[in-house]
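Start with the overall layout of the chain, then move to the ligand and its surroundings. Keep the structure in view as you read.

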Amino acid sequence: MKKIALLTSGGDSPGMNACIRSVVRTAVNHHMECWGVYSGYEGLINGDMRKMDSSDVSNIIQRGGTILKSSRSKEFRTEEGRKQAADNLKAKGIEGLVVIGGDGSFQGALLLEEEQGIKCVGVPGTIDNDLYGTDFTLGFDTAVNTVVECVDKIRDTADAHNRLFFVEVMGKDAGFIALRSGISVGAEAILLPETETYVDQLIEKLERGWERHKSSSIIIVAEGDDAGGAYEVAAKVKKKFDHYETKVTVLGHLQRGGSPSANDRLLGSTLGHAAVKALKAGLSMEMVGQINGDIAFTPFKQAVKHHQEINWNLLELAELLSL
Ligand code: F6P
């Protein structure tokens, strides 16, 4: 394989730039031409791409977002859209594609290869960490650190005023950010999409804290929790438990931005390198991840079908430590 392309797709995540840098420089190192596609599959359909060299990826490893920009393309969900995208690649003699994104992006890559014969390898890039076949996805570690930094600040003011805070974090289908950050900030409770939320039990817990003269409480709510977002849960609790003044903070998109952590830079560099080597070796329709520190390949078909399981031991630990 002499020519490859790469794109970032879906929600951006810190570490994508480190991965782009690694893909481009590994390709150059292996005497392959590397084309950067702008705005994900949207750019592939519009032929918005240009050849990249080592110097094009200088000074980006520390930057959040993605220099290639990203999108969620509706047109790529149609066969015509995918054909147009493949024709643009074929016209340039590009045979392989590295897709950095989440499971929606891999579903697209799977179809691009099955229907149009473009060889694709995926790198898991999403702050949600909900992909099967890797311990961590690009951006997750940074997002968790961002949440921890923010909630520590909220704790200061919550404590100063004896307040109860509901903090909403991202994760519409998965509670990985909520669970990991919740334990790290010593949250009094963590509400996840993976578990049922019983408001009465939450209130009982808060009552116990109140009796023990707790001066503040923090409840981390994943946006996809079944009891609703942080505003809804806060309203339900407030009706029956009004000992503390109640406040809500939705952290929102600030969790997606910022300079990547060292872990995410390392992961992006490692997986980008492995993705190019895989394409060169003739591998395709696979996602490259890392399991227990080792590079691991998972077929797209499995990666998009399964979801990574929440770590139930961590959830138990959170329960135990938040008495
Ligand atoms: O998939 C990552 C994610 O950040 C989710 O946690 C969140 O629900 C969603 O993207 C928001 O997406 P957007 O801002 O692109 O609409």
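This is a predicted model. Its chain is divided into two domains: domain 1 covers 3–139 + 260–305, and domain 2 covers 141–256. Their contact takes 15 residues from domain 1 and 12 residues from domain 2. The C-alpha centres of domain 1 and domain 2 lie 34 Å apart.

Now turn to the ligand. The space that the ligand takes is the largest pocket.

Next, walk around the shell. Arg-72, Thr-126, Ile-127 and Asp-128 are among the residues around the ligand.

Which atoms come close enough for polar contacts? The cut-off here is 3.5 Å between N or O atoms. In the side chain of Arg-72, an N or O atom is 2.6 Å from an oxygen atom of the ligand. For Glu-223, an N or O atom of the side chain is 2.4 Å from a ligand oxygen atom. Gly-171 uses its backbone: an N or O atom there lies 3.3 Å from an oxygen atom of the ligand.

On its own, the ligand has 400 Å² of accessible area, and the protein covers 75% of that.

Note on methods. Residues are numbered from 1 along each chain as its sequence is written. This is a predicted model: local features need pLDDT of at least 70, side-chain atom pairs count only at pLDDT 80 or more; totals for chains, interfaces and linings use all residues. Side-chain values use heavy atoms; hydrogens and water are left out. A residue is near a molecule or strand if one of its heavy atoms lies within 4 Å of it. A polar contact is a pair of N or O atoms within 3.5 Å; within protein, one must be able to donate a hydrogen and the other to accept it, and residues adjacent in sequence count only if both atoms are side-chain atoms. Accessible areas come from the Shrake-Rupley method with a 1.4 Å probe; for residues, only the protein chains shown count as cover. On a 1 Å grid over the protein atoms alone, a cavity is a set of points where a 1.4 Å probe fits but cannot get out, and a pocket is an open set with protein on both sides within 12 Å along at least five of seven lines; lining residues have an atom within 4 Å of a point. A molecule sits in a cavity or pocket if more than half of its atoms lie within 2 Å of its grid points. Domain bounds come from an automatic or database domain assignment. Contact means heavy atoms within 4.5 Å.
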